[in-house]
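This report is meant for a reader meeting the structure for the first time. Please look over the sequence and the model below before reading on.

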Amino acid sequence: MVVAERKPMEEILTMVADFKKILLTGCKGCVTVCNAGGQKEVGILASALKIARKKEDREIEIDEITLERQCDPEYIDQLEKPIATNHYDAVLSMACSVGPQYIAKRFEDVLVFPVLNTTFIGGSLEHGVWAEFCQACGSCVIHNFGSICPITRCAKSLMNGPCGGSSRGKCEINPETDCAWHLIYDRMKRLGRLDKLSTVVMYKDWTTNRDGGPRKIVREDLKL
Amino acid sequence: MKAGSNLEKVLAAGHLAVTGELGPPRGADAEVIRHKAKYLKGLVDSVNVTDNQTSVVRMCSMAVCRLLLDMGIEPNLQMVCRDRNRIAIQSDLLGASALGIKNVLCLSGDHQKFGDHPHAKNVFDIDSMQLIATVKKMRDEGKLINDQALEGVPKFFIGSAENPFADPFEFRVTRLGKKIAAGSDFLQTQCIYNMQKFRTWMQQSYDAGLTEKCSILAGITPLKSIGMARYMQKFVPGLDVPDSYINRLKGVDKKLQGAEGIKIAIEQIQEIKEMKGIAGFHVMAIEWEEHVEKIVSGAGLLPRPVPSAEQGS
Amino acid sequence: MRLNYPSNVKIINVPCTGRVDILHLLKAIEDGADGVYVAGCLEGDCHYLTGNLKAKKRVAYVKKLLGEVGLEPERVEMHNLSAAQGTRFAEIAREFTTRIRDLGPSPVRTDKKPGHMAA
C-alpha cells in the first residue's frame, strides 16, 4: 500500500494559520491501514488543532468527513454538498497526496492542502512499523533476484550487487538497513539458483519509471 | 594493447605494477594538484584520481587527469555511477579519451549520505558492472549503449575495484568473475589489513583462473597513526582492520607511529608479492603523498620500469 | 476506604486503561480540563495482559502531540497502581492536583478559572 505519515504539527499549523473554517477529510484506503489519515486520525488532528487555537484565544471550526477513497472521482463528488453549503476557507486532505490533487481538480476554486507526507509503497513489518518495498519502476523483474527488489531495497539500486560497503548483512548507509544484495544472495543460494547471479545483468530501461514522464494506464476493456 | 597506456605496458611486460592515488581539491586551485603530484612522479606507473570520493564535492576527476598529463604523469580516471546517468557517462568517456586519458576505473560510488551534499538526488542509472560493459563496448565495438557507431573510437584500459573483505565473502570471487566477464582489464582491491582473508580471496581468484584474465593490484594504505587505525576499524564500512595492527601501533611512541605504519605497509607488500596471481600494488596514501617514496622504495619496487616506445601500439 | 481526595478530580471508569484512546485524552483537554491522568494497573498485572502498556504508549503520544501544539505535556500523565491501593489512589490525586495547580489553568480554557480535572 501507499504509506504516509502526518506532517509535523508545526507545518500544519502554519498552513491553517489564517483560516477560521476548514473541512478536514480522511480516507478509508491505504492511510487508514497505516494509521495516518483515517477517520480516527482525522478526529485526533481536529482536536489537536482546536487545542492549538483555543490556546491563542482564537477559534477554528473544523468539519470532519472521511471518504471511502480519495483517488476515485465518484467519492470526491461526495464533497460537493458540504463544500457548496459551507464557505470553507480551505479543505485539508489526510489522504495520500493523490487525494488533495483530486479535490483541487474537482473544486477548482477551493484552497486544498495536503496534511500527510506520502512516503513510499510498502508494507508492514509489525504493528506500527512500515518499510519500503517497491519503487514503481514499471517493469518488475524481482523474480530474477529471489523476489527481492534491488531497485528499491538497495540504496544504490544495483543490478549486480553487492557493492563493497556490504558488511555483516547490513547496508553501509545505515546499520539497521539490510543489504538487499546479501538477502538476494542468501535467497538465491537457498533456492539453488546461485548460477543466475553469475551473469552480468544489463542496463535497466527506465522509461517505464517516472523518468519517462508521468505515467498513465489505459484499459480500453474497462472504459464505459 | 588495448589502450597502450603506461600501466598496461608495465603489466604486459610482466613487471609488478604500482599505482598511486590523489584526491582533488575542494576548490578550483590547480596548484594543489601540482604540489601533491610532485611526490608521486616517477614512483608509480599511474595515478588514480578520485571522483567526488565519499560524495564530497571536489574538482572533477577528468580535469585533474588532464593536469597530471600536462605534468607528464599518467592518470587513472575514476568514474562513479552515483552522479551521472548513462548519457553523461558516455559523453565524459568520449571527452576523457579526447584529452588523452587511457585508464578508466569503473566504480559504483559512495552513497551521498556520507558526503557534504546529502540532499542531492542520486542517479545510479547504471551500476559499476554495466559501466565496465559500456566502456568495453565503446572500445571494442566502437558503439554506444544504443548501438550508435562512434565517430572516433576511444581506447581505454578498463579498471574496476573489489572489496575482498565485504560480505557475503563467498560471493566476492564470483563477483570478480562477473566484472572480468563484463570487461575489466585490471582491478584494484580495497586496502588490505586482514592478510588471512586476502590470501584466501587471492587463492580462490587464482584457482578460478581469474588472475590470468585480469591484473589484480593489491590495495595498500599505510596507517598514519593508531587513531587512523581505530577510525578505519570502527567507522569505514567494508574495512577489516585486525586488532594486531592496533596493538602494534599502541606499543609505539606517537611520533614514531607513522614510521611504524610505513613499516607495516612494506611488510604487507613483501608478503603479498609471494601470492600467486598478484600483478601489482595500489598505494593509497591520501594526504600523505610525501611518504609514498619510502613505501615503494622500501618494498623494493623502485626504479619503476619504463616500457620502450616500441612495445605495443 | 473513605479516604479523602480532592473534589476537583472527576473519575471516568473504564474496564481497562487499554480502552482509553488518544482522542479521549485530547477531547478532555480540548473541552477545558486542566489536566488528565490515566490510572492503570501495575505493569505486569493487567488482567487483559497489555492494556495498561498500550495506555502508556498512548499517553506518551498525547504528551508529545500537546508539546507540538504548545501545551504543557505535564498536563497529561500515566500512573500505575493496584485496585487495593486506596491510599496510593488518594495520594496520586493529591499530587497531580498540586502539580496542575502549579502549572495554572489550562491555556485552552475560555474562563481560565481553576476548576475540573478529569482522571
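Domain bounds, as used here, come from an automatic or database domain assignment. On that basis chain A is divided into domain 1 (2-119) and domain 2 (135-204), and the centres of domain 1 of chain A and domain 2 of chain A, taken over C-alpha atoms, are separated by 39 Å.

The model is predicted: local features need pLDDT of at least 70 and side-chain atom pairs count only at pLDDT 80 or more, whereas totals for chains, interfaces and linings use all residues. Residues are numbered from 1 along each chain as its sequence is written, while chains are lettered from A and ligands numbered from 1 in the order in which they are written.

**How the chains meet**

Two residues are said to be in contact if their C-beta atoms, placed from the backbone, lie within 7 Å. Two pairs of chains are in contact, and of these chains A and B share the most contacts. Their contact takes 25 residues from chain B and 24 residues from chain A. On the side of chain B that touches chain A, the elements that give two or more residues are helix H5 (128-141) and helix H6 (169-182) of chain B; helices (H or I, at least four residues) and strands (E, at least two) are DSSP runs, numbered from the N terminus. H6(B) gives the most to this side, with six residues. By class, the side of chain B that touches chain A has 12 nonpolar, eight polar and five charged residues, where Ala, Val, Leu, Ile, Met, Phe, Trp, Tyr, Cys and Pro count as nonpolar, Asp, Glu, Lys and Arg as charged, and the others, Gly among them, as polar. Chain B and chain C, by contrast, are joined by no contact, and their closest C-alpha atoms lie 26 Å apart.

**Chain C**

Chain C has three helices and four strands, which follow the pattern β-α-β-α-β-α-β along the sequence. The radius of gyration of chain C is 14 Å, close to the 14 Å that the globule rule gives for 119 residues, so chain C is as compact as a globular protein of that length; the radius is taken over C-alpha atoms, and the rule is 2.2 Å times the number of residues to the power 0.38. The C-alpha atoms of chain C fill a box of roughly 40 × 35 × 20 Å, taken along the principal axes. A residue is buried if 20 or more other C-beta atoms lie within 10 Å of its own, exposed if 12 or fewer, and partly exposed in between, with C-beta atoms placed from the backbone. Of the 119 residues of chain C, 34% count as buried. Among contacts in chain C between residues at least 6 apart in sequence, 73% join residues at least 24 apart.

C:Tyr61 is found in helix H2 (residues 51-68) of chain C, and C:Tyr61 is partly exposed, with 15 other C-beta atoms within 10 Å. The C-alpha atoms of C:Tyr61 and C:Ile22 are separated by 7.7 Å, although these residues are 39 residues apart along the chain.

**Nonpolar cores**

A nonpolar core is a set of buried Ala, Val, Leu, Ile, Met, Phe, Trp, Tyr and Cys residues joined through C-beta atoms within 7 Å. The largest such core has 89 residues, and among the members that touch the most others are B:Leu77, B:Val104 and B:Ile220. Not counting residues up to four places away in sequence, B:Ile220 touches residues including B:Cys191, B:Ala265 and B:Phe281. A second, separate core of 62 residues includes A:Ile22, A:Ala46, C:Ala93 and C:Ile100.

**Helix H3 of chain A and some backbone details**

The 17 residues of helix H3 (residues 39-55) of chain A should span 24 Å at 1.5 Å a residue, and the end C-alpha atoms are 25 Å apart, which agrees; the expected span is 1.5 Å times one less than the number of residues. H3(A) is mostly covered, since 14 of its 17 residues are buried. Just after H3(A), A:Asp57 takes a positive phi of about 60°.

| Residue | Phi |
|---|---|
| A:Ser147 | near 60° |
| A:Arg168 | near 50° |

A:Ser147 lies in the loop between strand E7 (129-134) and H7 of chain A, and with 11 C-beta neighbours inside 10 Å A:Ser147 counts as exposed. A:Arg168 is in the loop between H7 and E8 of chain A. The peptide bond from A:Gly161 to A:Pro162 is cis, with omega near -5°.
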